Amino acid sequence: PATRTATRTATRTHCPYCSLQCGMTLQPRGRTLEVQPWAEFPVNEGGLCRKGWTAGGLRGHRERLTSPLLRDRATGALREASWDEALDLLAGRLRALRAEHGPDAVAVFGGGGLTNEKAYQLGKLARVALGTSQIDYNGRWCMSSAASAGNRALGVDRGLPFPLADVEGTEVLVLVGSNLVETMPPAARHLDRLRENGGRVVVIDPRRTPTADRADLVLQPVPGTDLVLALGLLHLLDAAGAVDTAYVETRTTGWAAVKAAAAGWWPERVERVSGVPAAQLRELADLLAGAEKAMVLTARGAEQHAQGTATVLAWIDVALALGLPGRPHSGWGCLTGQGNGQGGREHGQKADQLPGYRMIDDPAARAHVAGVWGVEPDSLPGPGRSAYELLEALGTEDGAKALLVFGSNIAVSAPRTGHVVPRLEALDLLVVADLVMSETAALADVVLPVTQWAEETGTMTNLEGRVVLRERAVEPPAGVRDELALIADLAARVGSPVPFSTEAAEVFAELGRASSGGRADYAGIDHDRIRREEGVFWPCPSPEHPGTPRLFTERFAHADGLARFVTVEHAGPAEPVDDAYPLHLTTGRVLAQYQSGAQTRRIAELPDDGPFVELHPMLADRIGAHHGEPVVVTTRRGELKATARVVDTIRPDTVFVPFHWVGANRLTHDALDPASRMPEFKVCACAVRT
Ligand code: SF4
């Protein structure tokens, strides 16, 4: 039988990639790791996707970094160095930059794939050891719009406020901008059971994806118009008398204004803006009006917009109007993307937050966390810049002069990389901790080789708010360090007033104390409990507390217990199409790759067949493009040469480019959502030529 410790038998752990955090077991096999599913883990029930099956391939990979690297100023090349030399040099330069320009001269950039312990220590490194306000992370580009909307409407930000398996019991599931069958295939079993139980699946996506292939109804809107579909639904549901007035009166506020705003969005007007036939919208409204139990799940397609927060709020309005949140097999939720997309934003690597999802400008929150850290509240900096704004300011007069990057490949994943990469190059000091020479590491002055997931222990919080434990299965290669040890060492060398633990279980216990009483309360969770219970849902304020798989059953998280309807208006994409750039460009993921591809593009078993661009046959005919031949996609920010894939599953006015390969984000727009500061990755104006 599998055991939970690193012995000759297999080690139970979780996948290194997406937010499903599929349970798996690992066993060393020569230079690689044998992956097997952990059949009992309830989220994936033994299922894994190709990425999970092949995740062991980075162990012993010839491109693994095993020595710190320093850029030689004379030659411009990177050379090997000892850890002491690298950290001495790094700490010395950080101290000098702080002395010359102040603490905000140093910035920290984290990632949504880091464990909770690392995210927590990064926040503490920034605020306590470096004293900088300049810390944010790539999760800002993942689901921050859903976080903003959840906080505003429901009083808390937890992606799914119920276990994923709850979808099996719903009658109507509406997926807005989610390609779950391709991006997290083991989750498809829950969709299939829903349909076996007689439920219906509705997919809203400009592309007819593999998820749409399993749907009963598919709506293909113009990118950037999901919001008006929600307004149109509110209009129809109200007109049909389908609004749950008892629920609206007892559990919510703000309906009257939303009702008035929706009155202006009759189906034919929605059709003119979104391209979705009025009859399809009516069909969806009828489905929802006739269901006792229904769910709306949003994902990046709805959220990665300059109006992402407003779009999600509009869909939460739909769920509230139908009286869904808090009822069994019903409600609104967000399907998080990155492995620790949820936990990564709860413990202090976000510019405006302290651990426990406490706001950094709240005096009580500052006092609590400062007490746990053993420092004075006044010594903690205030809020910093959001991820893109932090990068955009690099090297400028009031921007940071040094950047420490952990768990992120900014040079590929940032929006408008043609603007961002020169900002990285303008830095006095760029430091990247990574497993391999990512495109960002290749630009760095200091590269620090760190452990990968199978070589370390730490917790992740999956898309359901379930805190799971990744266990160390193998020893790291010689020369590689765990990031917890690296952060502790660096903190000491820059003169931290307090010590940093290097043990994951100790760090997690400290995180629990820091989060105690906060919105994301982990105080009752510890590593051993997770091992025993195979995951614990937050909030869990004490060891006796059972955890909270389902939220909102009695009350919402606002002080008065009520949810908020929020009135929103459609503004459309920040960059509308025009004669010069007549097509909509949208970006997204494919099955065999993950995020910037730094890991998955190096796994031999996974097809590295990008970049490519999907275009409709009518468009291909018009520009003379042929399947498998190169085309050039241009926007006002840059161009990308990619292989044409001529498919009839996409709108004729839209092209799709996956973002796993260098260059896709040269094209994207950097308009930001005013609340979440999410860039508009999902739509901009483009042209395509042969
Ligand atoms: Fe890993 Fe996500 Fe694939 Fe599961 S679905 S195996 S967590 S990448």
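The shell around the ligand comprises ten nonpolar, three polar and one charged residues, where Ala, Val, Leu, Ile, Met, Phe, Trp, Tyr, Cys and Pro count as nonpolar, Asp, Glu, Lys and Arg as charged, and the others, Gly among them, as polar. Among the 14 residues around the ligand, those that come nearest are C15, C18, C22, C49 and G52; a residue is near a molecule if its C-beta atom, placed from the backbone, lies within 6 Å of it. The model is predicted, with local features requiring pLDDT of at least 70 and side-chain atom pairs counted only at pLDDT 80 or more, while totals for chains, interfaces and linings use all residues. Residue numbers start from 1 along each chain as its sequence is written.

The protein is divided into domain 1 (69–141 + 340–521), domain 2 (144–334) and domain 3 (583–689), with bounds from an automatic or database domain assignment. The centres of domain 1 and domain 2, taken over C-alpha atoms, are separated by 35 Å. Nine residues of domain 1 are in contact with nine residues of domain 2 (C-beta atoms, placed from the backbone, within 7 Å). On the side of domain 1 that touches domain 2, two residues are nonpolar, three polar and four charged.

Strand β20 (residues 466–470) pairs with β21 in the antiparallel sense over two bridges. V467 has V536 in β21 as its bridge partner.

Methods. Two strands pair if DSSP finds at least two bridges between them. Helices (H or I, at least four residues) and strands (E, at least two) are DSSP runs, numbered from the N terminus. Two residues are in contact if their C-beta atoms, placed from the backbone, lie within 7 Å.
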